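Thanks, everyone. I will keep this short and talk about salt bridges. Here is the structure.

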Amino acid sequence: MVDLDLRDWDVLIRAASAASVLSQIAIQAHERQLVHDLPAEVRPHLESARILAERHRVVVEWEVNRIEYALRHLDTPVILLKGAAYQALGLRTAAGRLTSDVDVLVPRDRISDVERALLAAGWSGEGLDSRDQEYFRRWLHELPPLRHVRRRTLIDVHHTILPPTDRLAVDPGLLLADSVPLPGRRTRVLAPADLFLHSAAHLFRNGRWAHAVRDLVDMDAMLALFSTEPRFWDTLLTRAERLDLRIPCAAALRTLQRYVGTPIPDVVAARSAGWQPRPPLGSLYDRLVDHALMPTGMDRPDPVCERARSVLALWPIPRLRAMSTALFWTKRLPRSGTRHNAANGEPLDDPLGAPGRPDDVARNQG
Amino acid sequence: MTLQQLSREDVRRRLVAERLCLRTGPFVVSIRTPIAQLHAALETLYGDFPVVDDPPFADFHVDIEHGRGWHRWIQPRASFAAGGQVLLAPFRLELATAFFEWGLNGCIAQGTHHYLLLHGAVVERNGRALTLLGRSGSGKSTLCAALTIAGWRLLSDEFTLIVPGSTEVMSLARPISLKNESIDLVSALAPDASFGPRAVTMRKGLITHLRPPGESVARMDEPAHLSRVVFVQYDATAGVALRPMSPPEAMSQIARQAFNYGIRGRQGFDHLTWLVDQCACGTLTYGNVHDAVSLLERDDISDAA
């Protein structure tokens, strides 16, 4: 890090920010006490990113506490997913991982009880019309996001980890059955192999490829932590088969090997290689991944990379049953996530991102 | 070297083929845009700002592009990207200047948590800074423009950037955004002032930007210390009145006007509780901008308290 010159940093800060890993770099630099050796122009950017990450950590911690409290009377397992789980487990990459919401997994037959309890405790499904609601409930693996009316934080309540449109059918009962309790807490996390498989499925099935680097770094950290347990690799492959997640597992291991240099035992790589798409499709897939992983954030958006990312986001071609309904098409395609899409070219009142809105921040104090 | 010292062709060439890098206070902004309105507007509004030649590092890289797609044949549009990520899109082409300003505001609001960042204008006289806070439409920009015209130094119309643990305020000296009636009002106060292009937006009505005074821009590296915090409320039917505010009340009000008070956590709390004791805080109601300026010029809230 200290060898980089200013021009390198000029590119790195933009690329890292576009890939949502700037805060992780900032935390690493801070923890290794490298900050003072870095150029003066760079330090403020890392300092700003570190402060934001520290705030995210506190918010997630408190939010999990509030969720546990809101669901305390329900006799149901509540499993933290993704960022909140990594933080609870102390995964290396959790430090500085920005999390916009807390994701939890609950048994499908208890999801209405969970929703009711959250609604009673101050969360609300505001801002979504009935079509959005219907879309979520019918075609996604989670409830419409619930926002806490005072803290403005979001929770996504899942009943499984892949949308019902996906051709892979994961049995969420297996995930719940193997989940492990967190010491001193009411919430639980997925078993190590399942945690990795969920991250792989999340990226390689309905992926947000803009965050791909962050997800790959998460998976790399998981493997580094979990593979100290000798039977981990065997369990991983067995679980991938049982959960019907062979394809994303193989894709994740291959991509980690190609790009991150994650050490993966030869036998594991060989066995999972058999799960990959066959040659013409397989090399096309690799090419798409190559383009989708190109760093962005320099100058203007790269059209090839954007196209590769949008193809990969639709890669698991949805099941015909899903494609035959109008609702699927009206909602599935252009869901312009974070873009401020002023409908008729009009400016928004306050074109600043959500975390910066003065009133939101003030409310976050509650 | 300032922007106005470059030839028009040079400015255009940099904006289109390379990047034009301007410095506003602590930030170097690298700009690329093929949009002609913005070329002219940058020359008008940022003429006094220092140009940085091919800097190895820029804080913000912004690209304002023509919109693609069939829409352009009916109504030309544009987009604002920062660091290759689209921040604002699409907007009507004639709003390019306003969106440049808003987009850059967005970059600053999201990326500067190493300062305590308040949503409000700051001006300075005799080394003492006065920040004007208030909601959109409260008349703070109008008052900021009037104070600037009366000889106060402009630090910023949009952001009060405070160095943590201190009263030190950074200057950006960027253009002042004006809306609707305040545009004519300010033109009448300063007949020779320069303005950026005017455009009509659905939500805010007519908007334009006032070129900051050359002296304010030339002195943008000079620090100022915050000594007064005033919550502004324009009321056409009211006379001018300045009421002092207790530190705890000021504290809770300022927290609501801060972009990152919550993000800064404990540090933000400690800083703000200390800051309200260092400053005189109050609310200013005004119906006539001349009266407000003369009141602020002669009155120190601490005296009134």
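Let me start with Arg198(B), which is partly exposed, at a relative accessible area of 44%. This is a predicted model, so please take what follows as computed.

Which residue does Arg198(B) pair with? Its partner is Asp184(B), and the closest N and O atoms of this salt bridge are 4.0 Å apart. Asp184(B) is partly exposed too, with a relative accessible area of 49%.

Now the placement of the two.

Salt bridges with shared partners connect Asp10(B), Arg13(B), Arg14(B), Glu18(B) and Asp53(B).

Another pair in chain B is Glu94(B) with Arg92(B), where the closest N and O atoms are 3.0 Å apart. Are these two buried or exposed? Glu94(B) counts as partly exposed, at 40% relative accessibility. Arg92(B), at 11%, counts as buried.

Over to chain A. Arg214(A) forms a salt bridge with Asp215(A), with 3.7 Å between the closest N and O atoms. Buried means under 20% relative accessible area. Arg214(A) has 11%, so it is buried. Asp215(A) has 5%, so it is buried as well.

Finally, how many salt bridges does the whole structure hold? The search over all chains finds 41.

Methods:
Residues numbered from 1 in each chain as written. Chains lettered and ligands numbered in written order. Predicted model: local features only at pLDDT ≥ 70, side-chain atom pairs only at ≥ 80, totals over all residues. Heavy atoms only, no water. Salt bridge = Lys/Arg side-chain N within 4 Å of Asp/Glu carboxyl O. Buried < 20%, exposed > 50% of the residue type's maximum accessible area, 1.4 Å probe, protein only.
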